[in-house]
Amino acid sequence: MMEDRYDALKLENQICFPLYACSKEIVKRYKPFLEELDLTYTQYITMMVLWEHKQMNVKELGSYLFLDSGTLTPVLKKLEQKGWVQRVRAKEDERVLIVTVTKDGEALKDLAVEIPKKIGSCVKLEQEEAIQLYRLLYKVLEQFEQ
């Protein structure tokens, strides 16, 4: 049977679609847990990086999150309004913006600590499957960093 020249345009033949749909559905599962903390998903992943590193410049933070400064700036402004981060210009180069977790931002970490476990119960994968998926997704992401 001859392959239809338009088969490549079928949704079922796109790797991007199940990635997109899964991402959207998983983020939707986070929503009720994050609403309890007054966080959006993007704010949550931003805080996760900052909880780990305590302080970093916006460019580094964007690199960790695969976000540009146009997306990250409003997120950081909102987190600063909530008192969870502080943004200051670097003394040695005022073009560089440094973001630091505040004391209240660190306290939020204690409230968020159970979220990964709660999400894990929403995604029905065996541990080995989850590890394999994680590795494959990061393998794809690494190709975009080059």
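How many bridges join strand 2 to strand 3? Five do, and the two strands run antiparallel. The close-ups below start from that pairing.

This is a predicted model, in which local features need pLDDT of at least 70, side-chain atom pairs count only at pLDDT 80 or more, and totals for chains, interfaces and linings use all residues. Residues are numbered from 1 along each chain as its sequence is written, and side-chain values use heavy atoms, with hydrogens and water left out.

**View 1. Three strands make up an open antiparallel sheet in the order 1-3-2.** Strands (E, at least two residues) and helices (H or I, at least four) are DSSP runs numbered from the N terminus, and two strands pair if DSSP finds at least two bridges between them. Strand 1 (55-57) and strand 2 (85-89) stand at the edges with a single partner strand each, so one side of each has no neighbour in the sheet. On average, neighbouring strands are turned by 25° against each other, direction ignored. Within the pairing of strand 2 with strand 3 (residues 97-101), look for Val 85 opposite Val 101.

**View 2. Helix 4 (residues 69-81) packs on the sheet.** Helix 4 touches strand 2 and strand 3, and its direction makes about 120° with that of strand 2. Contact means heavy atoms within 4.5 Å; angles run from 0 to 180 degrees between N-to-C directions, with axes fitted to C-alpha atoms, for helices over the stretch in contact.

**View 3. Thr 46 of helix 2 (residues 41-53) is buried.** Its relative accessible area is 0%, where buried means under 20%, exposed over 50% and partly exposed in between (1.4 Å probe, protein chains only). Leaving aside neighbours within four places in sequence, Thr 46 is in contact with Leu 61, Leu 65, Leu 72, Val 75, Leu 76 and Leu 79.

**View 4. Helix 5 (residues 103-112) has Gly 105, Leu 108 and Ala 112 as its buried residues.** Seen down the helix axis, these residues fall within an arc of 45°, so they line one face of helix 5; the arc is that of the directions from the axis to the C-beta atoms. They pack against helix 2, strand 3 and helix 6 (115-120). Lys 103 and Asp 110, on the other side of helix 5, are exposed.

**View 5. Asp 38 has a positive phi, near 60°, and Lys 54 has one of about 70°.** Most residues other than glycine have a negative phi. Asp 38 lies in the loop between helix 1 (16-35) and helix 2, and counts as partly exposed at 48% relative accessibility. Lys 54 sits in the loop between helix 2 and strand 1; at 37%, Lys 54 is partly exposed.
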